[in-house]
Amino acid sequence: MNSLTKLEKKQSRFSSVQYPLGLTDCNENKTAEMIKMLKEFQRKYVPFKNEEIHESVFFGGDRLTDERIQSSQQAMLNAGSPAGRLEGFISKIEDFHRLMNFLEAIAKLTYSTDSGCDPSTMYYFRNKLNARNVKGKVTNSYRAHIYLYYTVLDALCSVMFLDEFEIFNFDDVFPLPENLCVKPDDVKIAWINEICANLK
């Protein structure tokens with residue numbers, strides 16, 4: 001097992017923190033302005049330890065923003081420190097439009113207002129959960145639609161886990177392996193992976 005896999009497993013126990021950056025008065029076409037903005041964001045959002053970058057973080061944007069960030073980092077390659085080289089950010093593309101198109105395709109296959117009386121359909125769950133903000137096209141209420149699908153997926157996964165452990169009452173004790181809390185992380189992960197592989 002390489003060190004990167006160990007780090008990923010260690011970090012996977014923690015929730016991600018996202019910071020919506022909003023609108024910034026910066027012309028992406030001017031490298032100097034991008035560098036100034038990245039330095040400011042690096043001071044605010046990147047964890048430092050003893051004046052050094054402790055851990056780089058992802059900076060998401062569209063393809064153009066990704067290109068501009070990488071150009072700014074290239075322009076600062078001769079700086080004398082990782083912070084000066086803007087290494088606190090790992091640029092990545094977050095193609096929101098692609099995600100919306102993907103959800104729209106899923107909704108077309110699984111969501112129909114004619115199926116409100118049919119148990120286990122998405123529209124049935126929408127009514128059961130009183131998710132009245134899920135209406136019209138996905139493009140007009142993306143957040144409401146994605147929350148509905150996440151909620152139903154979470155519930156289905158929970159039901160499959162309960163079924164796998166033959167738990168039919170919420171008061172029942174969850175049968176964890178003995179001394180699981182003191183086992184090494186890789187043993188805990190192997191155990192949960194084995195459970196997931198058995199889910200039907």
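**Briefing: helices, a parallel strand pair and selected loop residues**

N130 sits in the loop between α5 and α6 (142-164). This is a predicted model, so local features need pLDDT of at least 70 and side-chain atom pairs count only at pLDDT 80 or more, while totals for chains, interfaces and linings use all residues. Residues are numbered from 1 along each chain as its sequence is written, and side-chain values use heavy atoms, with hydrogens and water left out. Helices (H or I, at least four residues) and strands (E, at least two) are DSSP runs, numbered from the N terminus. Buried means under 20% relative accessible area, exposed over 50%, and partly exposed in between (1.4 Å probe, protein chains only).

- Strands β3 (residues 57-61) and β4 (residues 89-93) run parallel and are joined by 5 bridges. Two strands pair if DSSP finds at least two bridges between them.
- One of the bridge partners is K92 in β4, which pairs with G60.
- Together with helix α3 (residues 63-75), β3 and β4 form a right-handed β-α-β unit. Right-handed means that, with the strands pointing away from the viewer, the path from the first strand over the helix to the second runs clockwise.

**Helix α3**

- The 13 residues of α3 should span 18 Å at 1.5 Å a residue, and the end C-alpha atoms are 18 Å apart, which agrees. The expected span of a helix is 1.5 Å times one less than its number of residues.
- T65, D66, R68, I69, S72 and Q73 are the buried residues of α3.
- Seen down the axis of α3, the buried residues fall within an arc of 165°, so they line one face of the helix. The arc is that of the directions from the helix axis to the C-beta atoms.
- The cover over these buried residues of α3 includes α2, β3 and β4.

**Q42 and L86**

- Q42 is part of helix α2 (residues 31-45). Its relative accessible area is 4%, so Q42 is buried.
- Beyond neighbours within four places in sequence, Q42 contacts F48, I53, A83, L86, E87, G88 and F89. Contact means heavy atoms within 4.5 Å.
- L86, one of those contacts, lies in the loop between α3 and β4.
- Relative accessibility is 0% for L86, so this residue counts as buried.
- L86 is not a glycine, yet its phi is positive, near 60°.

**Helix α7**

- Helix α7 (residues 185-198) has 14 residues. From its first C-alpha to its last, α7 reaches 20 Å, close to the 20 Å expected at 1.5 Å a residue.
- I189, W191 and I195 are buried in α7. They cover an arc of only 160° around the axis, which puts them on the same side of α7.
- Exposed residues E194 and A197 are carried on the face of α7 turned away from its buried side.

**The loop between α4 and α5**

- D114 is in the loop between α4 (96-110) and α5 (122-128). At 73% relative accessibility, D114 is exposed.
- Between D114 and Y124 there are 10 residues of sequence separation and a C-alpha to C-alpha distance of 9.5 Å.
- S120 lies in the loop between α4 and α5. S120 is exposed, at 59% relative accessible area.
- Although S120 is not a glycine, its phi is positive, about 75°.

- N130 is partly exposed, with 46% relative accessible area.
- N130 and K36 are 94 residues apart in sequence, and their C-alpha atoms are 47 Å apart in space.
- S141 is found in the loop between α5 and α6. S141 counts as buried, at 14% relative accessibility.
- Not counting residues up to four places away in sequence, S141 touches N133 and K135.

**Cysteines**

- The structure contains 0 disulfides. A disulfide is a pair of cysteine sulfur atoms within 2.5 Å.
- C26 is buried, at 19% relative accessibility, whereas C117 is exposed, at 75% relative accessible area.
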